[in-house]
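Morning, everyone. Please look at the structure on the screen, and I'll talk you through a sheet and a helix.

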Amino acid sequence: NLVWKIDIGRYLCYGDLLGTMSEDSLAILPSSMGTERPGSKKKKPDPKSFIPTQKGGLLTSNPNEEECPYTFSDSPAYLRNKQAEEQAKRAAELEGKEETRGFLQSVEELAKKHKWEEAFQVLEKRTAVPSGLFLVTRAVLRWKFGRYADAVRDAEDALANYSSSAKAGPLAAAFSCFLRICLGSEARDMGSCSKDMRGLVEAWEQAERKALGGHALGQGLFHPRKEERLSEPVAVIDGMEATDGSYVAASGLRIGYVFLKNCKDLNAPLMVHFHGNKETAADYRKAALAQKYQDLNVHLLVIDYRGYGWSAGEPSLATFLRDAEPLAEHLPELMVQRGLSWPYSGGLILSGRSLGAQVAVHVVTMYPKLFRALILDSAVAASATGDRLGRAPERAAALALWRKELEKANLDILHPLDAELWRLSALEKIRAFKGQLLVLHGLADEIVPYEGSESLHTAAGTKDKELVLVEEAGHNDIGRFDVYWSAQRRLALKVQLEDSLPAVGATVEHLCAVCAEKAASKCGRCQRVWYCGRAHQAEHWKTHKKTCAGGPPEPKEKVIPEGDACLVAFLTVEINSEEDIAALSMSLTSFVAQEEPLEALCISWHASKQELADKARNMLNDLKSQNSSPKVVLVEATEALKRFQHIKALLSALPQDVPLHAWVKLPEVGCLWSMKHTASLIPALRRAAPDQRVVALTCQAYSTLERAGSKLPGSAEDVGSLIQTGDAKLRQDALEMRLDNLAVRLKTLRAFVESTPAPVLGHQLCAHRFQCKLVSSFGKKVQAFTPPEGEWMRWLPSSKLAPVSQTCNGLDLDLSPSDADVEGGRFLHEGFQTFQQQKLGSSPPPQESASTSSETQDQGDDSTKVDQSGSDLSLRTIEEATRAMTTLRLRLEQAVILAAGETMPARELKAMAMEQIRTFLDEVGLGEVIGLERWARETAAEISRTAAGEFQVLITERQK
């Protein structure tokens, strides 16, 4: 072989190995070496351009002109081999030392007397040199006394540092595998076991997996559901940003997660949550749930299982525990990627709900220094299967061989501790936890008994623990109770006040906020964010200065938050005929057939005849007995009532379990709802729920007959058929704001009824008062809702669409005149005739009947008509004049009823009355008539004061 001697140092390079040198070699020789011509003059290069800055660095150019201070013995590969040889020699020396043997012998003497606790305390004091046998012995005793993570670390440290030891190496490898199998983790380092032990450990682990994978409980335990992954971060509510991601589990499959970052407090605690078996991580992106966790003042990291959300694979009892371990190991990198520092000073909370509590207990057992607190919500206390495989032949064979290896190492005194090696349940693992513990459970839980949570609370090794049993809470509705959230809020505050730093391993390691590598320095201003060097600190400053220097956060796209919402229908009925009963039955059928059911269907009714009452009562009772969803509430009135009197009766009879966030629909008898009516409306209600200014939603979409003579529909399916054939048409007309268009907040409707005097509730103008209160209250608004394209929402009969007189402001009112209306109408008619005679300069026409007068007016000359354009009011006949006077009275009552139950200055009442009557006189063509001022003033005052008395308006006179 050719040997080159280089004058810059002593590099021995063998020709056969030049092309195969690894990156661990000291230097890579430049390709120009040996090509220079002898005697040629060379320019001396800058030494800094090629001499390595540290041992093991690469030469970057021809080094012939400068000497390199490093030799081949400085290469990383050489140093690693040398270190391994020294460790093996050291292990052999330690195990042979009298000091070590004497120490282990003292432990052995205590063990012979079964004083295991004293022996454990001796080992914990670390008075002996930490040899491989010492670490194995301490690992066995730590396992016995519930220090499971420390036992695994001791066994793996012994294997890492003393694997070359003939005694300690195989013992440490075997015991490490045993511990991980018993914890439900995956056995590692089987290759370091003895040849015979390797096969037995593999057989034991395979038997464990087979038992778990084929267990009957696992077949119905998981309910995976696929969800769409977000491609980029989204603000689910103001100050809460959701990011979807995934991490690689031990098997290579990717497991999904959702990270909800609390942008309002970047130093808030991070809650790592494992959800229940019927949930997914994407469920926690919903605005209502995200708001709850923002109120807790935490960041939230929700983890899926295999097959859930966008995670790969199929869920199994054999894998759902071990899949969570890589998350804990990569949690520092994940937090750095999401803009949080590591180690995180805000504190980490581990949470598990239902089946997820099993995973939470497992993770906190494997990584006890990572989390400050543990929350167990409706936890399953026993192990996932209850199987320990304590009598399995694979386990027995592996332990028998391990006993022989203990005897070879003179540690046969540890034989009795074999009985501690079985698959641990959550009740046994929880003994190792020493942090803050919060256990939550509902006393009415119908799926998981609350006694299991009591057992977990009792078995926990920590003294800082709390058990909260929520009365009347079930398994799936415990989140509806305030005590459930207040307990977590208290725990989050306690965690944030602590100052301990989390650690995945035995020591705390700081990571760079840019590359997640080991950090060397931190930000000098905030003292929280760490970096590997100045280059990454300068790169990250553009982002970090906004929080470090207190600058404003970057503007983000605002999304509409959502809240809780459900729908209740209030149907009021006055039954006067068989047709009314048929229309009621048709409407009720469409209400109970909704794809998304109503929260409650409330019906207040009255029948004018006994036989009608009997038929209606039987029909409604059958409806209530046949339908459990929605809840049917029936109220039978003893006398005929107005609509809002019925509504007051329904509010009194409303079940207590109807939530306060409910919205109320006020449909009319004879209308039909689309089967998707509530399914289309409720999402809009959820979006409107957080905005307290929105008191109602109005929907103008409806369907009605397009062709005269078409058959009327009898069900929602008939409406769909009519639309397809063209006999019915979808409309989006801007109808008046009718009550059946509205969906009103329950608390708004209740407040209106409670603030309205009883006589007003029985007046036909109460609906006018209600509509005005909705749209004219300061800071309140009615929001328009547009349904999905092609959705007809509701069917309205043509009778419901008859044009309503504008004199009544869009209300379908009873225009029956009073005696005062008749007298006033006669006076107006006479005055109109006089004014017409004076204007035309002719004698008054003879008195005639209304029909004859109408015909005469239709045939007469246009020049004889008074200008009444733009108005439906007329004074040409006594009947028309009486109707006009009735309209004037209703207009004044409409204005006065808005102040029902309140006080109004007399001057304001007078001004309002005069404004109404002047408008009225202009419409009927008498606005320019001289001599009507006194009559108008007295008439307006009389009507308005009568209305004020009827509506309980207190008129206050001006004090002199």
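**The sheet**

Start with Val 272, which stands opposite Leu 350 in β6. Strand β4 (residues 270-274) pairs with β6 (residues 348-353) in the parallel sense, over 5 bridges. Strands pair if DSSP finds at least two bridges between them. Helices (H or I, at least four residues) and strands (E, at least two) are DSSP runs, numbered from the N terminus.

A word on sources. This is a predicted model: local features need pLDDT of at least 70, side-chain atom pairs count only at pLDDT 80 or more, and totals for chains, interfaces and linings use all residues. Residues are numbered from 1 along each chain as its sequence is written, and side-chain values use heavy atoms, with hydrogens and water left out.

Now zoom out. What is the strand order? The open sheet has 9 strands, ordered β1-β2-β3-β5-β4-β6-β7-β8-β9, with mixed pairing. At the edges stand β1 (234-237) and β9 (465-470), each with a single partner strand, so one side of each has no neighbour in the sheet.

**Helix α18**

Next, α18, residues 610-626. Which of its residues are buried? Leu 612, Ala 613, Ala 616, Leu 620 and Leu 623 are buried (under 20% relative accessible area; exposed is over 50%, partly exposed in between, with a 1.4 Å probe and protein chains only). Seen down the axis of α18, the buried residues fall within an arc of 95°, so they line one face. That arc is taken from the directions from the helix axis to the C-beta atoms. On the other side, Gln 610, Glu 611, Ser 625 and Gln 626 are exposed.

Notes: The expected span of a helix is 1.5 Å times one less than its number of residues.
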